[in-house]
Amino acid sequence: MLRAARLLTACSACVVDRWLPRTGAPDGVLSSLARTAPAAVAVLLSREYGQWAGGPYVRRHAMRRKLVAAVVAERDPMAGLRLLRNAPRLIGERAAAALLRCPAELLDTLRTLASLPPDDGDRPFELAMPPGPLAPTAVAALRALPESDLVELATRCPSAGGRSRGPGRLEVAADPLLSLLPSGERRRLVAERARRPRGRDLLPSALAALDPADRAEFADAWLERWKRRPTRHAALAVTLPLAAAEPVLREQAAQHRAHHRALAWPVLLACAELGGDPAEFARIALSCERAWHDQEEVRRHTLQQLAGTAARLLHAVPEQVLRDVTMTVVQSRDSTAATLAPAALLLRRTAESAAARGDRARAACAAVLLCRVVTDPRHTGSYRPLNVDLPTARHIWARWAETGSAAAESPGLPIALAALLAPLLTELPEADALMRRTALEDEDPEVAACAAAVWITPTAVREERCAQLIAADPSFATVPEVLVTIGERRTDLLDAVLAAVRAGGDRGVRGRVRPRGGAWVPRLRAGATGRWQPSQRRAWYDVLAAIATDEREPIRARADAAACLRSPLHLRHLHALAEHAPQPVAAAALTALGETGPATPELLDTLLRHAGTGGVRGRAAVASVRALLSEAPDGDAVRLLGLLLNSPSSPIGSRKEAARILGVVGGSAADGTLLAAWDQPHQHRDVRAAIAPFLLRHVEREDIAVRLVEGAGEPAIREAVITRTTTSPTYLTFLTRLVRDGEDDAAGAACGALYGRIVGETEVITDAARALGEAAVAPVRPRTVWYAAMTTLATAADPPTRDAVREMLDVLVRGGRADADRESAVGAAGSRAAALQRLNSCASVLDSRYGHSITEERVSGLSAALEEAGLLRDAARLATDAALAALRRDDPAPEQWARALRLIEGHPARMPDLDSYALGSALERPTETVRGTARMLRERGTPAAGLLALALVRAAGVRTRWDEAWRAELDALRRHPDADVAMEALLVEPVDRG
């Protein structure tokens, strides 16, 4: 099926529609099909999502498929809308932006969708949009909508961008849909989002869509509200008017904590950038001088913000700022490559922006400063040429010539400047002459090599200048740029280079750029020697053979030469190196043998013999065998590898590689060889672990399943066969068999592997749930097995596990009753104590506050079972939790609270921990149902009910920032008839802590 799926990329969309549901497709093939057959891929993604939707791993599956879903939406918006309807979690920001090309259909689809967990409740489904401008086609389609529909779409599709997670570059872009609305509607929608609890949904992108005057209205309230949280405070301050945000940000920039300062300075620059006033931006940039002289962390993050300044404001950055930045980052001892990179980017962008505007003096200033940054030893970037015109380039070089004393300061500075202007070097006579003179006359080999690389950069004269350099000194061939040119363009120059290498003898190439000589093994592009003459290739390989076989040369040089020696005329040298050279050189020779070919029997026998030696030689030999056998018939490959795999004297590593190659070859003969190797009496466990993944492809066969179940007792084999990457029904059946028949360690691992896969109501899934239930109550299984089975079963989706969970609880309850028959109890769970321990563990696993697949009905059922078995404290906790879970859905559930109070009242030891109680994220604001429940509990008058009411009031008060209604409820609890409840209420401080 895998091979058939790969063929689908060459088929038409109709063929893909027909065959993709049958074959499936790996990730790479699916990405290609999303471009050619998006409708078929959408159907497959919807089906996959349906299989994962009820389990706890649906989010992880959605993250894996979001990119493919985005391509589907971009290619076919209608297919994207079907994905949104059937698999809403797959639609990310990129896909959402593509769906805006059909806004009316998108709005109709959104109206039919319910909110996803954990946002269940009255709140409608929301689709996150990326901030920033939309495509023109999307804007045109949106403007054609009625205003009421556009407002509803903006409400349901808020922008998810603009969150500030930490220091660094902060991009602030407006919410694209809010920007299309009239000013009044924008202000109303932002005000609605601001009224949500804690303002979690009010992002900077929403505030950025408002007019400056409207943003100012939010300034005081929001800055006061979030003043105790610097990260949130700064993220919202960036969208406020500069006059309102600057005092607060400057106060934060003066704090003693470095991470607060590293956050405040970039936000201050971003705030000025969003304002768009060049004069104000220049003032703020000048005031950042303190940040340049601060710790490296503060300097780096501020530079990252300044380096990304919008192009419209680059001209406003004062030259004084550019000079201060350059001087500070170059002279500061704590500067790193991460600090120098944004400084170089800022100077480069400034120079190119000034050149585009015709400001040559500013471009020259920035270019000269850029040279000082890129020549710093800590800088790791390249000398990519500047995008400037010829007059600007001449002005830049003239500006440099005016400060000629700087050339004596560092010879690398003029070379760096020439590299920045390299494409125009022939039009700059002084710079061109300086580079030639430096290359041919400078005494420093490194400087001469750099100057030569710059001098040959202009494409029109590159080949001619390479010829001049080689004529002057053949050692210039060791300069990578020169070597590429003569190796791929001017092959006539190779004779002079090879003659110089032969003349150097043991010293190799010697000259201006290699005064000490030594072995030289250049790295040429693969296939570069194909343009050479046979005599040149022969001479080249002779040089490599001499280096590889010379025991006086360094090991690294010998290994490099052996790896490049891919000549049939030098096979004897490679064989000799493989036999007698040190391990790195021998491994390189074996690798070259595999790339030289062809796959003759003699060569294969030699490689297989070395594969049996193990170590680095063995691995290299097996890799060469794999490369050669890719061109040989499958029968020959199976025969040769079978000899290696079934030989007990062969090293374990070589046998493992042989098994992997056979697995890739595939076919009945290869599978038979792998089975024969598995059945070897004394086969090593690691070799069987290498064979196991390929046997999993045929796990539906009884004989293979038996082998794998028996072998899973070994940890290495268990790790190979129990995986989360295989999801076929036959594999789930195999895991079910492991749960029932495997050893304890294998059964426990299989129970864990089934976690999240009990989704759907197929026969395979139902049987897996039944096996988990049997393992959970099996008296012979240790805790590691039954607890894993219980965890997987308790957190699985309800329909396929309802009967299994009921049977498990019935068995455990019967074994845990005080009046249970001894014989039946022993038969069910070993003893009453064992049954009660398992029920207690089940109660600890099952908690409706965690995981959306755990339903209130299941919690209630377990609570009743615990009560029947006598575990009243756990029953009370789960009953209370079930009542609170119903309240999160705005359901008062009086019967649930009555059951919880019946178990708790009069028994203080059964009171659950109330500190962790919260209303969850489902309710926008605690509703009248929550207030009515709290009032009901308070009016009951008992200590237990009063403490539960206080827990609800405390949680609701925090979410509502302690409005008057909840303050009144707290005051009523402070007058509670029970003194302990009243005291606890007095200790609650009704203060909004932000």
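A residue counts as buried when its relative accessible area is under 20%, and as exposed when that area is over 50%. Keep these cut-offs at hand for the tour of this predicted model.

**Stop one: Leu809.** Select helix α48, residues 798-816, and find Leu809 within it. Leu809 has a relative accessibility of 10%, so this residue is buried. Now display the side chains around Leu809. Apart from neighbours within four places in sequence, Leu809 is in contact with Leu839, Leu862 and Ala865. Next, pick Ala835, which lies 26 residues from Leu809 along the chain. The C-alpha atoms of Leu809 and Ala835 are 9.8 Å apart.

**Stop two: helix α2.** Move to residues 13-23, which form helix α2. Which residues of this helix are buried? They are Val16, Leu20 and Thr23. These three lie on the same side of α2, because they cover an arc of only 80 degrees around the axis. Then step just past the end of α2 to Gly24, whose phi is positive, at about 65 degrees.

**Stop three: cysteines.** A disulfide is a covalent bond between the sulfur atoms of two cysteines. How many disulfides does the model have when the sulfur atoms must lie within 2.5 Å? The count is zero.

Methods
Residues numbered from 1 in each chain as written. Predicted model: local features only at pLDDT ≥ 70, side-chain atom pairs only at ≥ 80, totals over all residues. Heavy atoms only, no water. Disulfide = S-S within 2.5 Å. Buried < 20%, exposed > 50% of the residue type's maximum accessible area, 1.4 Å probe, protein only. Helix = DSSP H or I, 4+ residues; strand = E, 2+ residues; numbered from the N terminus. Arc of directions from axis to C-beta. Contact = heavy atoms within 4.5 Å.
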